[in-house]
Amino acid sequence: MGLKSSTLLQEEDIEELQNETGFSPNQIRRLYCRFSSLDKATKGTLSREDFICIPELAINPIGERIIDAFFMNEDSQERGEQTCNFRQFVKTLAHFRPLDESTENPLNTREKKLHFAFKIYDLDNDGKISKEDLMQVLENVDMNAKMSIRFLA
């Protein structure tokens, strides 16, 4: 498929992504524009540094874990890659879509959403959300709240 080696979005790519993610063609095109604007080096992939530049992630208490989610897929882990192509980008974002029981979207089932959220909170990737994992997330939330209060003061 053209998304791995090309930076041009093809109609067949849009159709495949629509079937895999449940996004509409217009949503996929908008996501492609956003992806392209983040891809400053125009390599067709995003690095962790590209994601860190997103203000909403920079202030999010679990922003680092959300960024990690873009690199948690099997393809990236098998090859040890620290980049995210457009297909991975859209498939990861599909997990954040509202649950729609009426569609057959394999990435947007209740089970997939729970598994995805679990992986975000399982900080040490041991298959459990331990007290330490939860405390770290809560500390991040607390630290972010304190930074917000200082910013507003």
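From the N terminus on, the elements run α-α-β-α-α-α-α-β-α-α-α, giving nine helices and two strands in the chain. Helices (H or I, at least four residues) and strands (E, at least two) are DSSP runs, numbered from the N terminus. This is a predicted model, in which local features need pLDDT of at least 70 and side-chain atom pairs count only at pLDDT 80 or more, while totals for chains, interfaces and linings use all residues. Residues are numbered from 1 along each chain as its sequence is written, and side-chain values use heavy atoms, with hydrogens and water left out.

**The chain as a whole**

- Of the 153 residues in the chain, 36% are buried (buried is under 20% relative accessible area, exposed over 50%, partly exposed in between, with a 1.4 Å probe and protein chains only).

**Helix 8, side by side**

**Salt bridges**

- The whole structure holds six salt bridges (a side-chain nitrogen of Lys or Arg within 4 Å of a carboxyl oxygen of Asp or Glu).
- Glutamate 16 pairs with arginine 87 in one of them, with the closest N and O atoms 3.1 Å apart; glutamate 16 is in helix 1 (residues 11–21) and arginine 87 in helix 7, 71 residues apart.
- Arginine 87 also forms a salt bridge with glutamate 20 (2.7 Å, N to O), so this pair ties together parts that are 67 residues apart in sequence.
- Glu16, Glu20, Arg87 and Lys91 are linked in a network of salt bridges.
- In helix 5, arginine 65 and aspartate 68 lie three residues apart, about one turn of the helix, and their side chains meet in a salt bridge (3.1 Å, N to O).

**A buried charge without a partner**

- Aspartate 122 is found in the loop between helix 8 and helix 9 (131–152).
- Aspartate 122 is buried yet has no salt bridge, and the nearest side chain of opposite charge, arginine 65, is 6.6 Å away (Lys and Arg count as positive, Asp and Glu as negative; His and the chain ends are not counted).
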